[in-house]
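Dear colleague,

Please read them with the model open beside you.

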Amino acid sequence: MKKKLIIGNWKLNPATLGEAKRLAAKIDPKPRHTAVLCPPALFLSQVEYPRLGAQDCFWMSKGPYTGQVSPLQLKDLKIKYCLVGHSEKRLTGEDDGQVNEKIKALIAYGITPVLCVGYGTTVEQDDFAVIDILRHQLGMGLAEVEPAKVVVAYEPVWAISSGNPYATKKVATPEHAETIAIFIKTKFNVDKVIYGGSTNAQNTKGFLEQNNIDGVLPGGASLLPDEFNEMINIKL
Ligand code: PGA
């Protein structure tokens, strides 16, 4: 069986360190697939799990940069993965040039960047328009980067937190996500593409069964231990 990569993005949850520790302690430490937990940065040094990821980082390693978290600090905490370019960060002004700087910095410190693309896509767009957006985000995000060192997460922004990745018949099915994953792999020489946007214990199997979808990036479902444990142990 091919092991898939399942990254739980806790976003700005939970509210306290105690809750974060209790949540992590409920997640199966030896699941069937490769599971990564991404708690808020503030809790990264305290939460225990075999593989931890960060939700974001800055591109400089130290200096006068108020409020930032550096890849050097993440490396010190043995963080293995870091999300970059999540739609919720892009919404607050992060651009493709900054995303590219972050990816280069993370690779320099041996941390795998998880480049999130799909921000700017809409339900109404045809495939051609979606591909155009992805081409732009990937072209800029991966400039001067060895693509094999990056995991790409395709997340149509309208599917995130919607509770239903099948919101429209056309765009968010596992089969359609597979065609996007093939596009990303063939055009940008990326080895691993995962899918995100309201994935849960019910719908994840369909995505993981696709040959070119190497995992999923659940947000809401990663805060529910039973649900997440089911996802990271799905039989394929
Ligand atoms: P969701 O979040 O699973 O809650 O839609 C996914 C994400 O934003 O990465």
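The largest pocket has a volume of about 480 Å³, where a pocket is an open set of points on a 1 Å grid over the protein atoms alone, fitting a 1.4 Å probe, with protein on both sides within 12 Å along at least five of seven lines, and lining residues have an atom within 4 Å of a point. The volume is the space filled by probe spheres set on the points, which are joined across faces, edges and corners. Of the 22 residues in its lining, Gln 55, Asp 56, Cys 57, Lys 89 and Lys 102 are the closest to the centre.

This is a predicted model, in which local features need pLDDT of at least 70 and side-chain atom pairs count only at pLDDT 80 or more, while totals for chains, interfaces and linings use all residues. Residues are numbered from 1 along each chain as its sequence is written, and side-chain values use heavy atoms, with hydrogens and water left out.

The second largest pocket holds about 210 Å³ of space, and of the 19 residues that line this second pocket, Lys 11, Ser 161, Ser 198, Gly 219 and Gly 220 are the closest to its centre.

As for the cysteines, the count of disulfides (pairs of cysteine sulfur atoms within 2.5 Å) comes to zero. Cys 57 is in no disulfide, and the nearest cysteine sulfur, that of Cys 82, is 4.1 Å away. Cys 57 counts as buried because its relative accessibility is 2%, buried meaning under 20% relative accessible area with a 1.4 Å probe and protein chains only. Cys 82, at 1% relative accessibility, also counts as buried.

Best regards

Methods:
Buried means under 20% relative accessible area, exposed over 50%, partly exposed in between (1.4 Å probe, protein chains only).
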